[in-house]
Amino acid sequence: MAWLKIKKENTCSSKTKESRSNQCRKNRQRFVSFLSSHFSVDSPWVQNHIAHCPKCQSRLAAIGRVNLALSLIKSQSHNLDLLMRANTQTINVLKHGLREAPKAQELKSIKPEPKLAKRVFWCVQPSLNVAACFLILFLLKCGIFTSMDKLQTNGKKAYKQYYASQLGEDMAEELFPSDLS
Amino acid sequence: MFDKAVTYGSIWEFLDSQTVSGEQKWVLSAIQKHGQELITMLWRILGNEQDVCDAYQDTFLQLAHFEGCRKPNNIKAYVFSTANNIAISMLRRKIAERNRIARSVPGKDDEHSPYKELDSKFLQENLRECIARLPEHMRSVIVLRDLAELSYTQISSILKISKGTARVYRCKAIQLLAVWMSKEE
């Protein structure tokens with residue numbers, strides 16, 4: 001019985017530990033989201049400060065230049081056979097036993113392959129495009145675009161009326177040609 | 001008797017080659033596993049294909065001869081740190097050579113024009129020069145994070161620092177690079 005009691009207590013303590021860690025994780029997430037919403041570059045008071053502070057402007061511009069240079073470096077691609085050439089050059093200076101291994105022959109003709117994430121993205125993007133096309137077709141079928149046209153025409157009529165009241169009929173006619181009326 | 005000697009000899013050769021490839025097969029596995037990422041990182045650091053091949057070769061040669069052909073505990077960490085160090089040394093040598101040539105050719109040093117600020121090649125070279133000047137702890141993080149595109153988890157295991165420390169080093173490195181790059185304009 002005593003053993004059962006101890007076991008129960010242990011399970012209880014592990015449960016409390018788990019709930020505590022969950023609570024801790026939640027609090028951390030809340031804290032991070034609070035900080036990012038109030039102190040990120042996009043927050044209004046930061047934007048407002050940057051707009052009026054030349055020092056911060058120059059700092060941001062300098063950091064932007066670093067990021068631009070980094071993205072330029074990343075955007076430069078090498079030849080596709082570079083991996084193959086580098087492998088061949090490397091294998092040729094390794095020990096005889098390694099040079100002759102079948103794996104070495106494979107490496108000499110290897111070509112770079114995109115990462116799994118990129119491969120998945122490669123499949124996802126065309127399917128998203130197809131889905132977008134289907135959505136447009138569906139919207140056309142539903143007649144949403146027709147009602148959008150009606151909405152636009154009504155909007156233009158309202159504009160014309162407003163301009164007619166403010167500037168006079170002639171000006172309104174000039175701005176919004178007669179096919180609307 | 002002679003026949004037997006020949007047979008023993010060939011068997012010995014065969015066994016020798018088998019043990020060599022058996023013992024160091026992990027070198028080929030390392031090339032296969034990390035080769036592509038390493039090429040990308042070296043290309044971004046050096047920007048020259050021949051230099052990339054040389055640095056790549058040196059990295060794996062050092063790996064194959066690590067402490068009497070012993071396998072390191074963390075191959076990825078060893079490979080990336082070694083490649084990073086080799087590439088930075090090569091880059092520094094290249095920069096020194098370029099500066100020496102620029103000094104010897106009069107009028108080439110003061111070619112600072114507003115067009116240069118927008119010149120992508122100038123920006124890239126400028127950044128490479130500044131990265132080569134960074135202190136080692138910051139440079140390793142910026143190279144592994146931004147040029148090799150490794151995650152902070154991977155970086156922390158390679159450099160044996162915490163993820164938070166890696167983030168702080170990267171932030172400081174970016175600030176330093178920004179200051180240096182704006183000064184050099």
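**Helix contacts and the chain interface**

In H2(A), His49(A), Ile50(A), Ala51(A) and His52(A) meet Pro54(A), Cys56(A), Gln57(A) and Leu60(A) of H3(A). Contact here means heavy atoms within 4.5 Å. Helices are DSSP runs (H or I, at least four residues), numbered from the N terminus. By class, this H2(A)–H3(A) contact has five nonpolar, three polar and no charged residues. Nonpolar covers Ala, Val, Leu, Ile, Met, Phe, Trp, Tyr, Cys and Pro; charged covers Asp, Glu, Lys and Arg; the others, Gly among them, are polar.

Some ground rules. This is a predicted model: local features need pLDDT of at least 70, side-chain atom pairs need 80 or more, and totals for chains, interfaces and linings use all residues. Residues are numbered from 1 along each chain as its sequence is written, chains are lettered from A and ligands numbered from 1 in the order written, and side-chain values use heavy atoms, with hydrogens and water left out.

Now the geometry. The axes of H2(A), residues 44-52, and H3(A), residues 54-75, come within 5 Å and cross at roughly 100°. Axes are lines fitted to C-alpha atoms, for helices over the stretch in contact, and angles run from 0 to 180 degrees between N-to-C directions. H2(A) and H3(A) are therefore roughly perpendicular, a label for 65 to 115 degrees.

Over to chain B. The axes of H4(B), residues 75-104, and H7(B), residues 136-147, come within 11 Å and cross at roughly 105°. So H4(B) and H7(B) are also roughly perpendicular to each other. Among the H4(B) residues in this contact are Phe80(B) and Ile88(B); Val143(B) and Leu144(B) are among those from H7(B). That contact has four nonpolar, three polar and three charged residues.

Next, the interface. Chain B puts in 42 residues and chain A 36. About 3,800 Å² is buried between them, 69% of it from carbon and sulfur atoms. Buried area is the accessible area (1.4 Å probe) that two parts lose on being put together, summed over both.

How many salt bridges cross the interface of chain B and chain A? One. The rule wants a side-chain nitrogen of Lys or Arg within 4 Å of a carboxyl oxygen of Asp or Glu. Glu49(B) pairs with Arg85(A), closest N and O atoms 2.4 Å apart. H2(B) gives the most to the side of chain B that touches chain A: twelve residues.

Last, the whole structure has ten salt bridges over all chains. One of them joins Glu149(B) to Arg44(B), at 2.6 Å. Those two sit 105 residues apart, linking distant parts of the chain.

Definitions and conventions
Angles under 35 degrees count as roughly parallel, over 145 as roughly antiparallel, 65 to 115 as roughly perpendicular and the rest as oblique.
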